[in-house]
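Thank you all for making time this morning. Please take a moment to look over the sequence and the model on the screen, and then I will walk you through a few places in it.

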Amino acid sequence: MNETLSPAHATALDAADPLRHLRSQFLIPQHQSADQTYFVGNSLGLQPKGAKAMVQEVMDLWSSIAVEGHFTGPTHWMGYHRLVRDSLARVVGAQPGEVVAMNTLSVNLHLMMVSFYRPTLERPAILMEAGAFPTDRHAVEAQIRFHGFNPATDLIEVQPDEPNGTISMQAIERALGEHDRRVALVLWPGVQYRSGQVFDLAAITRLARAHGANIGFDLAHSVGNVPLALHDIAPDFAVWCHYKYLNAGPGAVAGAFVHERHARDTSLPRFAGWWGHEQATRFQMAPEFVPEVGAEGWQLSNPPVLGLAPLRASLALFDEAGMPALREKSLKLTGYLETMVRARLDGVLQIITPTEPERHGCQLSLRVAGGREQGRSLFEYLQSVGVLGDWREPDVIRISPTPMYNRYRDVYRFIEEVETWAGV
Ligand SMILES: *Cc1c(COP(=O)(O)O)cnc(C)c1O
């Protein structure tokens, strides 16, 4: 056998991995007294060992000083959202004032569209990808109806035009050209959740703006997965969740970005709440709403502290590793998966994610030869031996090695188990 395809090579790659120590910072679920082989960090990231202490600290403050916890000590709850702000800004390439942790993703998407989807009779439409994550489509459709427009004509979906169901830049460009001056907002994913395709956000932003449209991104599958430069790319807004690659736990508080150019724009409509009021005068409790400068001006409520606490532990690890080093490992680790699938599982699994480095992140979406029945059989076999991926109808298994806690040996084990199932 070619040496680079051997188990010894996987072990050597792990030994040479400068980020290998990070795995020990996570709690790995067990399968028959051994670590699960966990490739679903794109769905729910693993628990950082430090998360429990962050939650416990809140519980202890609550039990010992109760209401005083709002104002007492370095982690007082009044400013709890600020404890994650700077680290979050580093992860998404933003200025601290451009980001805020609040609500959940779908809520933030609606709040952002209230401000940045401003349809008119001449320009009523939203452009998005066909096959978007359901909540994004529901939210877009609801917003269009809310403004009295018609999704049948005003929701424009760009169909995949590439062989494996991915979307080229040309297709986006063509759609914007065809609907020139009708598009009020382009809403686009950073990483398409089903195909794993990574988009060129800078190019899409330039295109949208050249056509006079606002531009917002859903970065649910991008944050903590691929490097982002939101300030420089300068979309109007972005939203994301923190329970996928950001490892902040089920239902974790989500994130939002509003570009600096909107930081002081009080003319933007927004669904205001008291926590978005200017911090310095918030507790004067005056009836008039004066928004805080920047993304924090979109907050509604005082921060859900227990839902934010684990994010602090996770972000400490992102600060330690840095997105450039994580991306460097990710390209190697997912590149290794690609090489191994091609070399050893040809005819069993077909990679549908683009394999050019700039067009994929951690995840590879793998189509199982033989259709749904074979796909389900493989998926269930993998689960039964403690190898976790996730299933997308009708015949796709998504495998997401994450550079935070996955090893080359994990990838090797996946390959070996698929071979066992296939009898090759
Ligand atoms: C995961 C995901 C969501 C989930 O939305 P929640 O409001 O967090 O439940 C939404 N959109 C995309 C693209 C996602 O990947």
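Predicted model: local features only at pLDDT ≥ 70, side-chain atom pairs only at ≥ 80, totals over all residues.

I would like to begin with a pair of side chains, those of Thr-166 and Glu-162, which are joined by a polar contact of 2.5 Å, where a polar contact is a pair of N or O atoms within 3.5 Å, one of them able to donate a hydrogen and the other to accept it, with residues adjacent in sequence counted only if both atoms are side-chain atoms. Residues are numbered from 1 along each chain as its sequence is written, and side-chain values use heavy atoms, with hydrogens and water left out.

Thr-166 sits in the loop between β8 (155–158) and α7 (169–178); helices here are DSSP runs of H or I with at least four residues, strands are runs of E with at least two, and both are numbered from the N terminus. With a relative accessibility of 4%, Thr-166 counts as buried, a word that means under 20% relative accessible area, computed with a 1.4 Å probe on protein chains only. If we set aside neighbours within four places in sequence, Thr-166 is in contact with several residues, including Pro-160, Ser-195, Ile-352 and Arg-359, contact meaning heavy atoms within 4.5 Å.

Let me turn to the backbone. Most residues other than glycine have a negative phi, and most peptide bonds are trans. Ala-234, however, has a positive phi near 65°; this residue lies in the loop between α9 (230–233) and β11 (237–240), and at 11% relative accessibility it is buried. Asn-247 likewise has a positive phi, of about 55°, and is found in the loop between β11 and β12 (255–258), buried with a relative accessible area of 2%. As for the peptide bonds, a cis one, with omega about 0°, joins Glu-393 and Pro-394, and Pro-394 belongs to the loop between β16 (390–392) and β17 (396–399).

Where do we meet Asn-247 again? Asn-247 is among the residues that line the largest cavity, together with others such as Gly-224, Phe-318 and Tyr-405, a lining residue being one with an atom within 4 Å of a cavity point, and a cavity being a set of points on a 1 Å grid over the protein atoms alone where a 1.4 Å probe fits but cannot get out.

Notes:
Buried < 20%, exposed > 50% of the residue type's maximum accessible area, 1.4 Å probe, protein only. 1 Å grid on protein atoms, 1.4 Å probe; cavity = no way out; pocket = protein on both sides within 12 Å on 5 of 7 lines; lining within 4 Å.
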